[in-house]
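These are my notebook entries on a single structure. I record what I looked up, entry by entry.

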Amino acid sequence: MSVHDDITSVQRSLDDLHRSLGRLEHQLGSGGLEMRRVRLDADHLRESVALLREAADTPDAPRRPDLVTISDAPYDFSLWTDSDDEGLGARDRRAP
């Protein structure tokens, strides 16, 4: 399945949940704190899935980073001429 198929499947499930909540709300009433909380949670899920759909539709969405090839050739030793040895300090000075 593609990402779009998965998102569509989730959207259908959320639509079914919305309809079921409507029936349940009709039976129990909408005044209870629990029913309002479940309704809000379901609405947040719908908003989140809509954001996922937008992100999946964006062609400029960041993908896997390009791999960088690191050469096996040794480094140029002149890169390290004025560097400090970790914990020891510079070669021509005393360590603290």
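Entry 1: I looked up Arg39 and found it buried, at 16% relative accessibility; buried stands for under 20% relative accessible area, exposed for over 50%, and partly exposed for what lies in between, with a 1.4 Å probe and protein chains only. I work here with a predicted model, in which local features need pLDDT of at least 70, side-chain atom pairs count only at pLDDT 80 or more, and totals for chains, interfaces and linings use all residues. Residues are numbered from 1 along each chain as its sequence is written, and side-chain values use heavy atoms, with hydrogens and water left out.

I then asked which residue forms a salt bridge with Arg39. The partner is Glu25, and the closest N and O atoms are 2.7 Å apart. I count a salt bridge when a side-chain nitrogen of Lys or Arg is within 4 Å of a carboxyl oxygen of Asp or Glu. Because Glu25 belongs to helix H1 and Arg39 to helix H2, this pair ties together parts that are 14 residues apart in sequence. Glu25 itself is partly exposed, at 22% relative accessibility.

**Entry 2: the helices.** I noted two helices and zero strands in the protein chain. Both kinds of element are DSSP runs numbered from the N terminus, helices being H or I with at least four residues and strands E with at least two.

**Entry 3: the other salt bridges.** My search of the whole structure returned three salt bridges. One of them joins Asp15 to Arg46, with 2.8 Å between the closest N and O atoms. This pair links distant parts of the chain, for Asp15 sits in helix H1 (residues 3-28) and Arg46 in helix H2 (residues 33-57), 31 residues apart. I list Asp15 as partly exposed at 22% relative accessibility, and Arg46 as partly exposed at 27%.

Asp16 forms a salt bridge with Arg19, where the closest N and O atoms are 2.2 Å apart. How far apart are Asp16 and Arg19 in helix H1? They are three residues apart, so about one helical turn separates them. Asp16 is partly exposed at 42% relative accessibility, and Arg19 is partly exposed with a relative accessible area of 46%.

Entry 4: Setting aside neighbours within four places in sequence, I find Val49 in contact (heavy atoms within 4.5 Å) with Ile7, Val10, Gln11 and Leu14. The C-alpha atoms of Val49 and Val10 are 7.7 Å apart, while the two residues are 39 residues apart along the chain.

Gln11 is in helix H1 and counts as buried at 19% relative accessibility. Not counting residues up to four places away in sequence, Gln11 touches Arg46, Val49 and Arg53.

**Entry 5: the chain as a whole.** Of the 96 residues of the protein chain, I record 10% as buried. Among contacts with a separation of 6 or more, 53% are between residues 24 or more positions apart. The protein chain exposes about 8800 Å², of which carbon and sulfur atoms supply 56%; accessible areas come from the Shrake-Rupley method with a 1.4 Å probe, and for residues only the protein chains shown count as cover.
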